[in-house]
Amino acid sequence: MTAPPAPVTPACAADGAALSRAADMARDRHISAARGRRGTFGVLLLLLAAACAPADAPGGGTDSPTIVSLNPCLDAILVEVAAPEQVLALSHYSRDPGSSSIPQHIAAGFAITGGTAEEVIALAPDLVLASSFIAPATRSALEDAGLRVETFGSPTSVSQSIAQVRQVAALAGRKQAGEVLVDAIEHAAAPVSNARPITTLLWQPGEIVAGEATLVAEMLRSRNLASHAAAMGLGQADFVALETVLARPPELLLVAGDSAGQRHPLLAQLTQTRVEPLPSRLLFCGGPTVIDLAQRLDDVRAGLRP
């Protein structure tokens, strides 16, 4: 008697752990950014694509290398594009809610290192991802141990961030998963239309302002949040005292620092200025952080008069 044919199970549904992880990542990273921009159907497509994105070449070894990341910005990209079993460790920064670009319940699922060569060498990864500012002695020790080290700078534009995502995904053998993230970033970074300009001062930690040639400045422009700092003749890392803010207030003040001036009660007296917090973790990374930043800026704009 011929046995009945087994039911056909989609390949992407066969790995319950991978699907669960994809659902977590989609919920925490993409759904809020997509809401009102792509709609529910678009979110479901993104979830399905993330869950089903396979390695670009089957098997182990260098086709799907094991990886240690030493940088929090790279951590955030890596956990989005790599298979969980590829990630041997993230940087210790990703366990700190103040510096992490990864939801804490996701970061907790990965090992971490303190960034020392000894810790990384003991894990014996195929690949180490690090900042271009990695200590030369650390890099030399890793390479002397036979480890491949790839370094990355901080992207200063959306296009550079997308290129970085694609590079990390290619190194991980996960180009298709990288394109899922790229699609989400492109949608999040798309400029708003028919939005009136709003004079905006981004007050960063240390009471300084961002330069115009930065990723965060590009995202502000995409929401038609006009640079109050540039209008005052200020540039990258220029200091802005509380007195200056009070004397020349913008329509929108985004406070990303925690200095005494940035917490001063006099700010509440700026009746023509909307003062909103902006988490500092959204300022300096590309990758998935672009999506979170876009959502926060959209939320802020929604609370201002049209």
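Predicted model: local features only at pLDDT ≥ 70, side-chain atom pairs only at ≥ 80, totals over all residues.

The dialogue below moves from the whole chain to a helix, the salt bridges, the cores and a strand.

Visitor: How many helices and strands does the protein chain have, and what percentage of its residues is buried?

Guide: Helices (H or I, at least four residues) and strands (E, at least two) are DSSP runs, numbered from the N terminus. The protein chain has 12 helices and nine strands. Buried means under 20% relative accessible area, exposed over 50%, and partly exposed in between, with a 1.4 Å probe and protein chains only. Of the 306 residues in the protein chain, 47% are buried.

Visitor: Which residues of H7 are buried, and what covers them?

Guide: The expected span of a helix is 1.5 Å times one less than its number of residues. For the 14 residues of H7 (158-171) this gives 20 Å, and the end C-alpha atoms are 20 Å apart, which agrees. Its buried residues are Val158, Ser161, Ile162, Gln164, Val165, Val168, Ala169 and Leu171. Contact means heavy atoms within 4.5 Å; the cover of these buried residues includes helices H3 (72-81), H8 (175-189), H9 (215-222) and H12 (288-302), together with strands S4 (127-131) and S5 (148-152). After H7 comes glycine 173, with a positive phi near 70°.

Visitor: How many salt bridges are found, and which parts does the pair of glutamate 251 and arginine 196 tie together?

Guide: Side chains of opposite charge can pair when their charged atoms come close. The criterion is a side-chain nitrogen of Lys or Arg within 4 Å of a carboxyl oxygen of Asp or Glu, and the whole structure holds 10 salt bridges. One of them joins glutamate 251 to arginine 196 at 2.5 Å, N to O. Glutamate 251 lies in the loop between helix H11 (242-247) and strand S8 (252-255), and arginine 196 in the loop between H8 and strand S6 (198-203), so the pair ties together parts that are 55 residues apart in sequence. Arginine 196 is buried, at 19% relative accessible area.

Visitor: Is arginine 263, the partner of aspartate 258, buried or exposed?

Guide: Arginine 263 counts as exposed, at 52% relative accessibility, and aspartate 258 is exposed too, at 58%. Their closest N and O atoms are 3.2 Å apart.

Visitor: Which residues touch the most other members of the largest nonpolar core?

Guide: In soluble globular proteins, nonpolar side chains tend to be buried together. A nonpolar core is a set of buried Ala, Val, Leu, Ile, Met, Phe, Trp, Tyr and Cys residues joined through side-chain atoms within 4.5 Å. In the largest, of 52 residues, Leu129 and Leu202 touch the most other members. H8 supplies the largest share of this core, seven residues. Apart from it lies another core of 12 residues, including Leu201 and Val255.

Visitor: Which strand pairs with S6, and in what sense?

Guide: Two strands pair if DSSP finds at least two bridges between them. S6 pairs with strand S7 (225-227) in the parallel sense over three bridges, and isoleucine 198 stands opposite leucine 225 in S7. Five of the six residues of S6 are buried, so S6 is largely enclosed by the rest of the structure.

How values were computed. Residues numbered from 1 in each chain as written. Heavy atoms only, no water.
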